[in-house]
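User: I would like a close look at a single part of this model, with the rest brought in as context.

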Amino acid sequence: MSTQQSLCCPVCRARFRKTTECSRCGADLTKLMTLAATARACRNSAREAIHSGDFKRAYLLATQAQKIHATQNGRRLWLLTSWLNSDHPDEPEHGGLHPW
C-alpha cells in the first residue's frame, strides 16, 4: 500500500491521472490539481524550514498542507514538526493531535 493517498475524481471516484479532465466522466479537475500542488509546495517549504532550524514555520506549513490535502506522509511530517516545535517553551501549545 502506498504511503500517499491517491487522489480521485470527486464525481465518479476514478483514479486521478494528473490531467485536468477526468478520463472517465469528464469532470474538471483543475481545482483538485491546484490544491494538491499547493499542499505539496507547503510540505516542501516545511522541509526547508526544518533544515534551516525554523521549526515554528515548519509546523505551520505542515499544518497548512494537511488542512489542504491530508496524506500519511504529510501526517508524519506534521508529527515531526510538532515534536521539533515542542522543544521551544515560548511557543504556543499545539492543543493535542489533529485527526488527520
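Is cysteine 9 buried or exposed, and what is its relative accessible area?

Analyst: Cysteine 9 is buried, because its relative accessible area is 1%; buried means under 20%, exposed over 50% and partly exposed anything in between, with a 1.4 Å probe and protein chains only. The model is predicted, so local features need pLDDT of at least 70 and side-chain atom pairs count only at pLDDT 80 or more, while totals for chains, interfaces and linings use all residues. Residues are numbered from 1 along each chain as its sequence is written, and side-chain values use heavy atoms, with hydrogens and water left out.

The sulfur of cysteine 9 comes next. A disulfide is a pair of cysteine sulfur atoms within 2.5 Å, and by that rule the structure has zero disulfides. For cysteine 9, the nearest cysteine sulfur belongs to cysteine 25, at 3.7 Å, and cysteine 9 is in no disulfide. Cysteine 22 is in no disulfide either; the nearest cysteine sulfur to it is that of cysteine 12, 3.6 Å away. With a relative accessible area of 5%, cysteine 22 is also buried.

As for the chain as a whole, its secondary structure comes to three helices and zero strands, where helices (H or I, at least four residues) and strands (E, at least two) are DSSP runs numbered from the N terminus. Of the 100 residues, 33% count as buried. The chain exposes about 6,700 Å², of which carbon and sulfur atoms supply 53%; these areas come from the Shrake-Rupley method with a 1.4 Å probe, and for residues only the protein chains shown count as cover.

Helix 1 covers residues 30-52, which makes 23 residues, and it reaches 33 Å from its first C-alpha to its last, close to the expected 33 Å; the expected span is 1.5 Å times one less than the number of residues. Its buried residues are Ala36, Ala39, Cys42, Arg43, Ala46, Ala49 and Ile50. Helix 2 and helix 3 are among what covers them. Just after helix 1, glycine 53 has a positive phi of about 85°.

The largest has ten residues: Ala46, Ala49, Ile50, Ala58, Tyr59, Leu61, Ala62, Leu77, Trp78 and Leu84. Helix 1, helix 2 and helix 3 are the elements that give two or more residues to this core, and helix 2 gives the most, with four. Apart from this core lies another, of nine residues, and Cys9 is among them, as are Phe16, Ala27 and Leu29.

The ring centres of tyrosine 59 and tryptophan 78 are 6.1 Å apart and the planes stand at 40°, so the pair is tilted. Rings of Phe, Tyr and Trp (its six-membered ring) pair if their centres lie within 6.5 Å; planes under 30 degrees apart are stacked, over 60 edge-to-face, and the rest tilted. This pair links distant parts of the chain, 19 residues apart: tyrosine 59 in helix 2 (residues 55-68) and tryptophan 78 in helix 3 (residues 72-85). Tyrosine 59 counts as buried at 10% relative accessibility, and tryptophan 78 at 0%.

Note on methods. Contact means heavy atoms within 4.5 Å. A nonpolar core is a set of buried Ala, Val, Leu, Ile, Met, Phe, Trp, Tyr and Cys residues joined through side-chain atoms within 4.5 Å.
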